[in-house]
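Visitor: Can you put the model up and take me through a few spots in it?
Guide: Here it is.

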Amino acid sequence: MMRKYFILLLLTFFSINSFSETNDTKVYDWDKVINALIEVESKGDEKAVSKNKKFVGILQISTILVDDCNRIIGEKKYTYNCRYDKTKSIEMFKIIQNYYNPKKDLTFAIRMWKGGPTWKTNSIDTKEYYNKVMKEYKKRDTK
């Protein structure tokens, strides 16, 4: 198990450091990004549970993401129940983004939320998800 975790960390490091799809330098309203993600993930339902029961809350957060947030901040601040709390879910989103996406690349942020930090090297197709979120983001961008 430890070996798999180490390999995942190495893949994450190399995929993030080699990422150059967008070179996105535009400044985005991250609250609108988060709200667009919330709309796509749960339609704002803090009690939402995915069909496979692995993802819950407004941002459909997994237990693995909670564990990763606690690892990143160096303490066990978040519990699995925190996934049902809007404020804590958004905090965890920001921790993940600051850690894996320090340049705040919008494309990377959205596609990583669907496919994890190694989305570019794994088989999860995140393009359709990205398009859905951007459609929601653009609705908010005109308001």
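Guide: Start with Ser42, whose side chain reaches the backbone oxygen of Ile58 at 2.8 Å. That is a polar contact, meaning a pair of N or O atoms within 3.5 Å; within protein, one must be able to donate a hydrogen and the other to accept it, and residues adjacent in sequence count only if both atoms are side-chain atoms.

Visitor: What sort of model is this, before I go on?
Guide: This is a predicted model: local features need pLDDT of at least 70, side-chain atom pairs count only at pLDDT 80 or more, and totals for chains, interfaces and linings use all residues. Residues are numbered from 1 along each chain as its sequence is written, and side-chain values use heavy atoms, with hydrogens and water left out.

Visitor: Is Ser42 buried or exposed?
Guide: Ser42 is buried, with a relative accessible area of 10%. Buried means under 20% relative accessible area, exposed over 50%, and partly exposed in between (1.4 Å probe, protein chains only).

Visitor: Where is Ser42, and what is it in contact with?
Guide: Ser42 is in helix H2; helices (H or I, at least four residues) and strands (E, at least two) are DSSP runs, numbered from the N terminus. Leaving aside neighbours within four places in sequence, Ser42 is in contact (heavy atoms within 4.5 Å) with Ala48, Gly57 and Ile58.

Visitor: New topic. How many residues are in the largest nonpolar core?
Guide: The largest nonpolar core has 30 residues, and Leu37, Leu59, Met92 and Trp113 have the most contacts inside it. Such a core is a set of buried Ala, Val, Leu, Ile, Met, Phe, Trp, Tyr and Cys residues joined through side-chain atoms within 4.5 Å.

Visitor: Which element gives the largest share of this core?
Guide: H4 does, with six residues.

Visitor: And what does Leu59 touch?
Guide: Beyond its neighbours within four places in sequence, Leu59 is in contact with residues including Ile34, Leu37, Phe93 and Trp113.

Visitor: What about Met134?
Guide: Met134 is in helix H6 and is buried at 11% relative accessible area.
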